[in-house]
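Subject: Structure for your files

Hello,

Please find the structure below. My notes come after it.

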Amino acid sequence: MKLPHNSQFMSHIKLKASTEIKIDFNPKELQKTIAPEHKKEVLQKYISSNALAEDENLDIMLILEDKAVYAFDYLHAGKKRMIIEINPVTIFFSNSVMSFGMLNKYKQILLLESSEVGRLNEGEHVNLSHSGMFFQLAINCIINLQATLESLANRIIPEAFPFLNRNGKPVDRTITYKLYNAIPKVKQIDFQKKSNRKHNISIDKLIKLRNNLVDLKPNTETNSGYKGVYRELLDFEYLKTIIAVKTFVNFYEPDLIEECLCGIEYYFDRFSKE
């Protein structure tokens with residue numbers, strides 16, 4: 001489906017491996033390496049069995065042209081396949097961008113084709129899918145944007161990191177604490193400076209809306225009990241927040257999120273089977 005000309009859009013991003021190690025040698029040189037016999041036996045046993053790498057106390061690394069990446073094995077149809085382990089930060093962020101791709105279009109359709117108050121009896125058609133398409137994409141975008149931040153935090157913060165307040169007492173492991181307290185302490189740099197204030201505001205609004213979604217309960221004082229959060233979804237500044245999350249991630253892991261310049265765009269949409 002063609003994007004509307006007035007639509008704001010962001011290119012899809014490059015997916016990255018969970019670990020990438022730059023190499024300064026020709027991978028073909030590894031073919032000349034002679035492994036000890038006992039190592040060959042261990043490797044042959046692993047290759048010829050259904051055991052996974054961790055069962056044999058092994059790890060998998062793939063050597064590409066200019067880097068080495070971590071991978072994992074998977075049994076499929078009697079064969080053992082090696083699959084590159086993708087950094088989940090890039091997967092979640094990519095999902096949010098692909099959800100955003102058609103968001104403005106379906107928002108336009110929803111608002112322009114929804115019945116005007118007082119005119120429903122004039123034969124206007126009510127189409128539930130207009131609401132469905134916008135709100136499905138909107139919620140996907142919101143959930144994946146926060147998952148991007150949560151995944152980044154969990155990669156950076158050590159398991160033994162103490163979650164304490166200023167008085168040294170334990171605090172909950174909230175996403176806000178992780179982003180604004182734990183990560184800066186671990187990285188020894190702080191995103192919360194004056195130049196990033198607008199991004200911090202966008203991230204705070206994202207966290208609030210995401211929490212409203214996952215804790216969603218109907219307001220029993222009105223017949224349309226979810227209208228509050230649906231209005232928030234209609235008003236939310238998606239592109240501004242996508243840029244804020246991208247800026248935050250790249251502040252702590254430079255160039256982790258990169259837009260792809262291939263010229264082909266990917267986005268979630270519905271299609272006919274015909």
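Predicted model: local features only at pLDDT ≥ 70, side-chain atom pairs only at ≥ 80, totals over all residues.

Residues are numbered from 1 along each chain as its sequence is written, and side-chain values use heavy atoms, with hydrogens and water left out.

The whole structure has 7 salt bridges (a side-chain nitrogen of Lys or Arg within 4 Å of a carboxyl oxygen of Asp or Glu). One of them joins Lys67 to Glu20 at 3.6 Å, N to O. Lys67 is in strand β3 (residues 67-76) and Glu20 in strand β1 (residues 20-22), so this pair ties together parts 47 residues apart in sequence. (Strands are DSSP runs of E, at least two residues; helices are runs of H or I, at least four; both are numbered from the N terminus.)

Arg155 and Glu253 form another, at 3.9 Å, N to O. Arg155 belongs to helix α4 and Glu253 to the segment after α8 (238-252), 98 residues away. Glu253 is buried, at 17% relative accessibility, while Arg155 is partly exposed at 37% (buried is under 20% relative accessible area, exposed over 50%, partly exposed in between; 1.4 Å probe, protein chains only).

Lys40 and Glu37 also pair, at 3.5 Å, N to O. They sit 3 residues apart in helix α1 (residues 37-47), about one helical turn. Glu37 is exposed at 53%, and Lys40 is partly exposed at 39%.

Met98, in helix α2, is buried at 17% relative accessibility. Its C-alpha lies 33 Å from that of Val117, 19 residues away in sequence.

Regards
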